[in-house]
Amino acid sequence: MARVLSEAEEERGLLAKLRAAEGRCAWLEAERARLESIVGGSRDAIWSWDLSGTVVRWNKAAEKLLGYASEQIVGQSLLILVSPHRHQAARAVIESIAKGAWFEQHETVRVRKDGSLVEVELTVSPIADAEGRIVGGSTVCREITERKQIEASLARRMAELTTLFQFTERLQGADSLHAVCSAALDAISAALGCWRASVLLFDGSGTMRFVAWRGLSDAYRKAVDGHSPWTAGATAVAPIPVSDIDRTAEPDWLKETIRAEGIRALAFIPLVADGRLIGKFMTYYPGAHVFSENEMSLANTIARQLALAVVHQSAADELRQSEARFRLMSEQAPVMIWMSDAENRCLHLNRMLRDFWGVEEADFAAFDWRTTMHPDDAERIGRTMMAAVKARAPVTVKGRYLKADGGYRVLQTSAQPRLSVKGEFLGLIGVNVDITEREEAEAERELLIAELNHRVKNTLSVVQSIAQQTFRDTVTMLEARRAFEGRLMALSIAHNLLTQLSWEHASLEQIVRVILNVTEDSSGRIRVSGPTVLLPPKDALALTMALHELCTNAMKYGALSNAEGRVDVEWNRAEGPRLTLAWRESGGPIVSPPRRKGFGSRLLERSLASDLDGKVRLDFEPSGLVCRIDAPLATARGDHL
C-alpha cells in the first residue's frame, strides 16, 4: 500500500511540473506576441538579422520606409539596403555586432527598393540566445531627411549671417572707397550667390558711374554707363528685381547689350543715406532668376551698410544693433562660433561650441581653449593662430580638439580679424566646423591631385624643352612642325604605354617595337633582341624620345633611308645591375660626323645620359651610326620598376 501511495505522489509531482512548464510556455508565447506587437506597431523601422547578415524579421515601418514587403526581403542580405561603396563598412559592422558591439545614433544613408537614397539614423545592437551567445543583430532605423533639410537651411542662414557680420567688421576697418567697395562686392557675392556684381555712385553731374565691379567687360560697362532707373537725390526708392530681361519693356538695344554680356537676370538695389539716393549696387545672373524675399532682405541689409560707409556717416548705433542681432542668431546657429580678444583670450562661445567643450558662459574668463587641443597639434595650431593675431590677418587652420565626452574631433577654424572704427585690432571672430568625416576623403583626393599635378608639370616641361630645341634647330616652319609633331607622338606613345600599366613601369621591348613600327617595316630590316627589362616612368620617357630620334635620323639620313639598310637594336643586363643597349645601322649611305649637333644629338648625349644617370656614346662610323647606352637599372638607383 505504501508503494502505491508513493507512485501516486510521484505522478502528482510530475503533473505539477508539466502544468508549470505549460504555463511557462504560455507566458513566453504571450511575451513573444507582445514583443511582436510592439515591433510591428513601432513607428521606427525595425529589422533583425542573423550573423551572416541575412534578414530574418522586418516590420511594417521598415516596409513603409524602404519599400520592401516582409516576404520580399526576409532571407535577403542586408547589403541590398547599402550602397556598394559602403559594403565593406557594413560587413565590418556585422562582424563587430557578432563580437558584442553596439552602434547608437549612427547617421548614414540606405537604399530603398526603387533605388532612391534616404538619410537615416541607425541604432544597431546584438541579439543573444538563452545561453548568452550572440546569434544575430537588431537594427532600429529612423528617417532624418527632414532634420537634415532643417540643418542645411540653418547652415545656409548662418552662412548669410556670418557674411553680414564679417562685412560689417570689414567696413569698420576700411580706410578708402576701394576697401569699402571690395568688402561690399565680397558680401554681395557670398550672400546673394552671384559671381558678378557692381557698385555705382552718382558723380558730381548727377550721372550714375561704375566705381567697383566683378566679372563685367569694359565694353558692357561703357555701353550701360550712366543708365539708371532713378535720378540723383530721389526718395522713396525700392529695389527693382528683374527676373528675366527678355520680359521687360526696356529698349531693344539695352536688352541686347545685357544678353550679349551673358546676363539674363539682374537686380537694382538702391543705396540710400539720410533718406537720399546716392547710388546703387547691382547683382547679375546668367539665367532667369526669381528673387526671394530673403534675398531682397539680405540685399537691403548690405545696401544700408554700404550706403552709410560710402558717405562716411557714423554707423555706431546700427553696427551695435547688427552685432547684437548676429550674436542672438549665432547663439542658436548649428555651427560653432567664437570670439577672442587681442591677446587671443576667449570672449565668447556660442551655444553649440559651449556644448562641445562643456563650458558654462560664466566660466569664459578662466577657460583656455588651448588645453583642448591634441598634443600633436597644439604647437602648430597655437603658432598659426598667434601669427594671425600678430599680423591681424584672416586665418584658417584645422586640428584635433577634445570634446566634452572625451573623444577627439577634427575642427576646421576660419577666423577674421576684428577691427575698431579707428582700425585698432580687437581680436578674432571665427567659425569652427567639424570635418572629421570629410578629412579621410580629402586626404585621398589630395594625394591623387598631387600625383596628377606632378605628372602634368613633368609633361609640360618635356614639351617645352622639345619645342625650344625643335624650333631652334630647324630651318623651315614646315620642317619644324613635322619634327615637333613626331616628337610629341613619341612622347604620347610613352605615356600610352605607361598608362596601360598605371604609370608603374613600361617594357623596354614594347617601347622599341612600337617606336620602330612607325617605319612600317615588314622586310626583316629591323632586328630587335634582348631580355625583359621593365623601366620606371622617367627612364621609359627618356628612352622613348631617344629611340624616336634615332629612328627619325635613320629614315631621313641613315640605314632606313634606302632599300638595303638595316638596323639592329640589342640590349642586355650587366652586373650592377646595369642596362647596355646598342643601336647599329648598316647598309645605308656612307656616314660622316655632322658639322654641328642638332636636337637629336644633344638629346642623346646630354639629356638621355642625365636622365638615365649613365653614359651615351655616338659613333658615326662610315658603315652606319652606332649608339651605345650604358646606365644603371632602376633598382640600382633605388627607384621602383
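Trainee: What does the accessible surface of the protein chain come to, and what share belongs to carbon and sulfur atoms?
Mentor: This is a predicted model, and the area is a total for the protein chain. The accessible surface is about 35,600 Å², and the part belonging to carbon and sulfur atoms is 53%.

Trainee: What percentage of the residues in the protein chain are buried?
Mentor: A residue counts as buried when its relative accessible area is under 20%. Of the 641 residues in the protein chain, the buried share is 41%.

Trainee: How many helices and strands are there in the protein chain?
Mentor: Both kinds of element are present. The count is 17 helices and 22 strands.

Trainee: Among contacts between residues at least 6 apart in sequence, what percentage join residues at least 24 apart?
Mentor: A contact requires heavy atoms within 4.5 Å. Among the contacts in the protein chain that span at least 6 positions, the share joining residues at least 24 apart is 54%.

Trainee: How many salt bridges does a search of the whole structure find, and which residue pairs with Arg-112?
Mentor: The search finds 32 salt bridges. In one of them, the closest N and O atoms are 3.6 Å apart, and the partner of Arg-112 is Glu-143.

Trainee: Where in the chain do Arg-112 and Glu-143 lie, and how many residues apart are they?
Mentor: Arg-112 is in the loop between strand 3 (103-111) and strand 4 (117-128), while Glu-143 is in strand 5 (residues 134-143). The pair therefore links distant parts of the chain, with a separation of 31 residues.

Trainee: Is Asp-341 buried or exposed?
Mentor: The side chain of Asp-341 forms a salt bridge with that of Arg-345, at 3.0 Å from N to O. The relative accessibility of Asp-341 is 12%, so Asp-341 counts as buried.

Trainee: Which strands hold Arg-527 and Asp-568?
Mentor: The side chains of Arg-527 and Asp-568 meet in a salt bridge of 2.5 Å, N to O. The two residues are 41 residues apart and link distant parts of the chain. Arg-527 is in strand 17 (residues 526-529), and Asp-568 is in strand 19 (residues 566-574).

Trainee: Is Asp-568 buried or partly exposed?
Mentor: Arg-527, at 44% relative accessibility, counts as partly exposed. Asp-568 has 18%, which is why Asp-568 counts as buried.

Key:
Residues numbered from 1 in each chain as written. Predicted model: local features only at pLDDT ≥ 70, side-chain atom pairs only at ≥ 80, totals over all residues. Heavy atoms only, no water. Helix = DSSP H or I, 4+ residues; strand = E, 2+ residues; numbered from the N terminus. Buried < 20%, exposed > 50% of the residue type's maximum accessible area, 1.4 Å probe, protein only. Areas by Shrake-Rupley, 256 points an atom, 1.4 Å probe, with all protein chains shown as cover. Salt bridge = Lys/Arg side-chain N within 4 Å of Asp/Glu carboxyl O.
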